[in-house]
Amino acid sequence: MSKKERLVAAIENGTVIDHIPSGKTFQVFNLLELQQLATPVTIGYNFSSSKVGKKGIIKVSDKFFTDDEISRLSVVAPNIILNIIKDYEVVEKKKVTTPDELHGIVKCNNPKCITNNEPMTTIFNTVDKTHGILKCHYCDKEQYIDKVELCE
C-alpha cells in the first residue's frame, strides 16, 4: 500500500498502536490518558483486519511509550503492535506481550486478599500467556486477564 492509500494520515514522529481489537480501542485510549496530550492523536475504529477481524488504530504524534505504559497496555489488549515512527518511517515494531510479572496494574478479585485490605501494591505473575491467566503473588488466586479490573 502506498503512503497515499493509507486510511489515516501519516505522522512524522511518534507511535502508531495497531491491531487493537475494535472493542478495546477506547479502553486503550483511556488507559494511556491520551486525552491529556497536547499533541495530535488520531483514532481509527472498525478497520478490516486479517489478524483480528475488525481493528482499531491509534496514531500519537511526538509520543513514545515507556515500558510501564506498555505493560499496562498488555493487560487490556495483548498482542497489539507498536510502530515507532521517525521522519515518517517505521523504525521499530514492538509486539506488546504480557510481562511475566505485573506490579500495581491489576486488582486482585479476591476480597480477602491483603492487597484489598491494606495500602499496598499488587503483584501478579503471568502463569499462562496463551490463555491469559494471572496469579496473585499474595493469595495465589488466579484470574483471567480479560476479566481483570485495573488499579486506579
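Trainee: Why is Cys139 called partly exposed?

Mentor: This is a predicted model, and its computed value for Cys139 is 27% relative accessibility. Buried means under 20%, and exposed means over 50%. The value of 27% lies in between, so Cys139 counts as partly exposed.

Trainee: Where does Cys139 lie?

Mentor: Cys139 sits in the loop between β9 (133–136) and β10 (142–144). Leaving aside neighbours within four places in sequence, Cys139 is in contact with Cys108, Asn110 and Cys113.

Trainee: What makes Cys113 buried?

Mentor: Cys113 has 2% relative accessibility. The cut-off for buried is under 20%, so Cys113 counts as buried. Its place is in the loop between β7 and β8 (123–128).

Trainee: Which residues does Cys113 touch?

Mentor: Not counting residues up to four places away in sequence, Cys113 touches Cys108, Cys136, Tyr138 and Cys139.

Trainee: Which residues carry the UniProt feature "binding site"?

Mentor: The unreviewed UniProt entry places that feature at Cys108, Cys113, Cys136 and Cys139. They are spread over 32 residues of sequence.

Trainee: What does the UniProt record say about residues 102–147?

Mentor: The unreviewed entry annotates residues 102–147 as "domain: Aspartate carbamoyltransferase regulatory subunit C-terminal". In the model, that span is 37% strand and 0% helix. Its end C-alpha atoms lie 15 Å apart.

Trainee: Now to a helix. Why is helix α2 called largely enclosed?

Mentor: Helix α2 covers residues 67–76, and eight of its ten residues are buried. Therefore the helix is largely enclosed by the rest of the structure. The buried ones are Glu69, Ile70, Ser71, Arg72, Leu73, Ser74, Val75 and Val76.

Trainee: What covers the buried residues of α2?

Mentor: The cover includes helix α1 (25–31). It also includes the strands β4 (81–86), β5 (89–95), β6 (101–103), β7 (106–107) and β11 (149–150).

Trainee: Is Lys63 buried or exposed?

Mentor: Lys63 has a relative accessible area of 18%. Buried means under 20%, so Lys63 is buried. Lys63 is in the loop between β3 (53–61) and α2.

Trainee: What makes the pairing of Lys63 and Glu69 a polar contact?

Mentor: The two side chains meet at 3.4 Å. A polar contact needs a pair of N or O atoms within 3.5 Å, one able to donate a hydrogen and the other to accept it. The side chains of Lys63 and Glu69 make such a contact.

Trainee: What else does Lys63 contact?

Mentor: Beyond neighbours within four places in sequence, Lys63 is in contact with Gly14, Thr15 and Leu37, as well as Glu69.

Note on methods
Residues numbered from 1 in each chain as written. Predicted model: local features only at pLDDT ≥ 70, side-chain atom pairs only at ≥ 80, totals over all residues. Heavy atoms only, no water. UniProt positions renumbered as here; feature names shortened; annotations may be inferred. Helix = DSSP H or I, 4+ residues; strand = E, 2+ residues; numbered from the N terminus. Buried < 20%, exposed > 50% of the residue type's maximum accessible area, 1.4 Å probe, protein only. Contact = heavy atoms within 4.5 Å.
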